[in-house]
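Trainee: I would like to learn how to read a protein model. Could you take me through one, feature by feature?

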Amino acid sequence: QAQLVESGGGLVQAGGSLRLSCVASGRDLSDYAMGWFRQARGKERVNVGGINWTGSTTYCADSVKGRFTISRDNAKKTVYLQMNSLKPEDTAVYYCAASRIYGVTRDYEYWGQGTQVTVYT
């Protein structure tokens, strides 16, 4: 079993930045692809982006492309979501998740508990 714990969320003014971290413990997930998701209140959870197991390839959803960046440090068992130029519509609970397959939006085996990001004007 593996556990994922997100941190770094909070309250930020529009145009600001936050960096979310997702730390893995338990089972080694260095050979897993990782994804970031978010769920706004009253809406479905959506995939924000992902990164392959080496960190050499990433993708981001069109809604955040050019503003969000995903990276990982397998030695630290940590995946990051750097969020710049934040907008009020980025307000959501953000989750990290681990999958054996890169680039999918479902079939994730492990999930974190989420961290709240609130962007105000």
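Mentor: We will go from the overall fold to the cysteines and then to a few loop residues. This is a predicted model, in which local features need pLDDT of at least 70 and side-chain atom pairs count only at pLDDT 80 or more, while totals for chains, interfaces and linings use all residues. Residues are numbered from 1 along each chain as its sequence is written, and side-chain values use heavy atoms, with hydrogens and water left out.

Trainee: How many helices and strands does the chain have?

Mentor: Helices (H or I, at least four residues) and strands (E, at least two) are DSSP runs, numbered from the N terminus. By that reading the chain has zero helices and eleven strands. The radius of gyration, taken over C-alpha atoms, is compared with a globule rule of 2.2 Å times the number of residues to the power 0.38. Here the radius is 13 Å, close to the 14 Å that the rule gives for 121 residues, so the chain is as compact as a globular protein of that length. Along its principal axes the C-alpha trace spans about 40 × 25 × 25 Å.

Trainee: What percentage of the residues count as buried?

Mentor: A residue is buried under 20% relative accessible area, exposed over 50% and partly exposed in between, using a 1.4 Å probe and protein chains only. Of the 121 residues, 43% are buried by this criterion. A contact, in turn, means heavy atoms within 4.5 Å, and among contacts between residues at least 6 apart in sequence, 56% join residues at least 24 apart.

Trainee: Which cysteines does the disulfide join?

Mentor: A disulfide is a covalent bond between the sulfur atoms of two cysteines, and it is assigned here to a pair of cysteine sulfur atoms within 2.5 Å. The structure holds one disulfide, and this bond links Cys22 with Cys96 at an S to S distance of 2.0 Å. Cys22 belongs to strand E3 (residues 18–26) and Cys96 to strand E9 (residues 92–99), so the pair ties together parts that are 74 residues apart in sequence. The torsion about the S-S bond is about 60 degrees, so the disulfide is right-handed. Cys22 is buried, with a relative accessible area of 1%, and Cys96 is buried as well, with a value of 1%.

Trainee: Where is Thr105 found, and which residues does Thr105 touch?

Mentor: Thr105 sits in the loop between E9 and strand E10 (110–111), and it is exposed, at 55% relative accessible area. Not counting residues up to four places away in sequence, Thr105 touches Phe37 and Asn47. The C-alpha atoms of Thr105 and Val48 are separated by 9.2 Å, although these residues are 57 residues apart along the chain.

Trainee: What is phi in Lys77 and in Ser85?

Mentor: In Lys77, phi is near 55 degrees, a positive value in a residue other than glycine. Lys77 lies in the loop between strand E7 (68–73) and strand E8 (78–83), and it counts as partly exposed at 43% relative accessibility. Ser85 has a positive phi of about 50 degrees although it is not a glycine. Ser85 is placed in the loop between E8 and E9 and is partly exposed, with a relative accessible area of 41%.
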